[in-house]
Structures are given as C-alpha cells and as structure tokens.
Amino acid sequence: MEMALHQLVVWVEKAFDQQETALGVFLDIEGAFNNTSYDSKCDVLFKHGVNYIIVWWIRATLEGHLAAANLHGYSKRVVVSRGCPQGGVLSPLLWCLVDDLIARLNGGGIYTQGYADDICLLAVGKFPNSIGPHTMGPSYCRDVV
C-alpha cells in the first residue's frame with residue numbers, strides 16, 4: 001500500500017512541477033471482499049499460473065466457514081459461500097488478482113493505481129478543461145464499464 005501511495009504522490013508532484021493540473025478520483029469498491037465468488041478466485045489463480053495444489057489449498061481455507069448471529073434468543077447460522085475474510089492476509093492479494101479493472105483502465109491515458117478494493121484515477125493536463133475521459137473519445141468509459 002505504501003508503494004501505491006508513493007507512486008501516486010510522484011505523479012502528482014511531477015504534474016505540479018510541470019505546472020499542470022491533476023484531477024484525481026478515489027474509489028472504494030463496496031462489497032469487493034464479501035461478494036467475489038470462490039470460482040472466480042480459483043479461475044484467476046490458474047490463469048496466473050498458480051499450482052493446482054496451492055489453488056486447492058486456498059479454496060479449502062475459504063470454503064466451509066459458518067457465519068452465526070444471535071439476537072434476543074434467536075440464532076441464525078449460514079454457510080458462507082463467497083468472499084474473503086475481512087482483515088485476512090490473503091484477501092487483498094486475491095482481490096488484486098481477480099480485479100482486472102485497473103488493467104482495463106490503464107490503457108486509456110489515465111494513470112490508475114490500486115490496492116485491493118481501493119482505486120485512484122489520475123488525469124493530468126495543462127488546462128483543467130482538457131483533462132478527463134472526454135479526451136479519450138466517447139467509447140472509453142463505455143468500454144471500461
């Protein structure tokens with residue numbers, strides 16, 4: 001995370017040194033850790049060349065967890081069928097591997113930096129009205145989303 005922040009600061013400082021304007025948008029993808037399916041995590045691990053045994057072990061550590069809640073004498077238990085544990089050591093890495101949004105955004109002239117489910121988009125230009133997705137053509141935003 002420190003490296004991601006450092007790289008972002010370098011881009012902004014470079015823009016200021018060149019008397020340019022930097023426009024940043026910061027995003028936090030809601031529910032990223034809770035909603036990613038086990039299958040998508042395993043598929044992307046295979047795609048990145050991770051050994052089958054390691055993929056199997058990661059899936060085994062994620063599957064089969066129970067979530068329980070008690071309120072006024074009532075209790076509910078459910079088997080968790082997707083997501084990663086909040087605060088888990090592997091959770092940010094698994095999300096970064098699954099998320100191809102950053103790779104898709106980087107090709108369009110906007111600097112994109114991310115860590116886990118947090119993303120920053122940074123557009124730099126000489127004049128404020130000359131920066132942003134509108135300079136990349138009408139299909140850019142549609143293609144990314």
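Student: Why is Y111 called buried?

Tutor: In this predicted model, Y111 has a relative accessibility of 13%. Buried means under 20%, so Y111 counts as buried.

Student: What makes W11 partly exposed?

Tutor: The relative accessible area of W11 is 40%.

Student: Why is the pair of W11 and Y111 called stacked?

Tutor: Rings pair if their centres lie within 6.5 Å, and planes under 30 degrees apart count as stacked. With 4.2 Å and 20°, W11 and Y111 meet both conditions, so the pair is stacked. W11 lies in helix α1 and Y111 in strand β4, so the pair ties together parts that are 100 residues apart in sequence.

Student: And what makes F46 and Y52 a stacked pair?

Tutor: Their ring centres are 6.1 Å apart, and the planes stand at 10°. The centres are within 6.5 Å and the planes under 30 degrees apart, so this pair is stacked too. As for accessibility, F46 has 41% and is partly exposed, while Y52 has 53% and is exposed, because exposed means over 50%.

Student: Back to β4, then. Why does T112 count as buried?

Tutor: T112, which has its place in strand β4, has 4% relative accessibility. That is under 20%, so T112 is buried. Leaving aside residues up to four places away in sequence, T112 touches I102, L105, N106, I119, C120 and L121.

Student: Which residues of α1 are buried, and how do you know on which side they lie?

Tutor: The buried residues of α1 are A4, L8 and A15. They cover an arc of only 30° around the axis, which puts them on the same side of α1. An α-helix has 3.6 residues a turn, so residues three or four places apart point the same way. The cover over the buried residues of α1 includes β1 (21-28), β4 (111-115) and β5 (118-125). On the other side of α1, the exposed residues are E2, M3, H6, K14, F16 and D17.

Student: What makes D39 and R59 a salt bridge?

Tutor: The closest N and O atoms of D39 and R59 are 2.8 Å apart. A salt bridge needs a side-chain nitrogen of Lys or Arg within 4 Å of a carboxyl oxygen of Asp or Glu, so this pair is one. The pair links distant parts of the chain, with D39 in helix α3 (residues 38-47) and R59 in helix α4 (residues 52-62), 20 residues apart.

Student: How many salt bridges does the structure hold?

Tutor: There are two. E63 also forms a salt bridge with R59, again with closest N and O atoms 2.8 Å apart. Through shared partners, D39, R59 and E63 are joined into one network.

Student: Are those residues buried, exposed or partly exposed?

Tutor: D39 is partly exposed at 43% relative accessibility. R59 is partly exposed at 23%, and E63 is partly exposed at 35%.

Methods: Residues are numbered from 1 along each chain as its sequence is written. This is a predicted model: local features need pLDDT of at least 70, side-chain atom pairs count only at pLDDT 80 or more; totals for chains, interfaces and linings use all residues. Side-chain values use heavy atoms; hydrogens and water are left out. Helices (H or I, at least four residues) and strands (E, at least two) are DSSP runs, numbered from the N terminus. Buried means under 20% relative accessible area, exposed over 50%, partly exposed in between (1.4 Å probe, protein chains only). The arc is that of the directions from the helix axis to the C-beta atoms. Contact means heavy atoms within 4.5 Å. Rings of Phe, Tyr and Trp (its six-membered ring) pair if their centres lie within 6.5 Å; planes under 30 degrees apart count as stacked, over 60 as edge-to-face and the rest as tilted.
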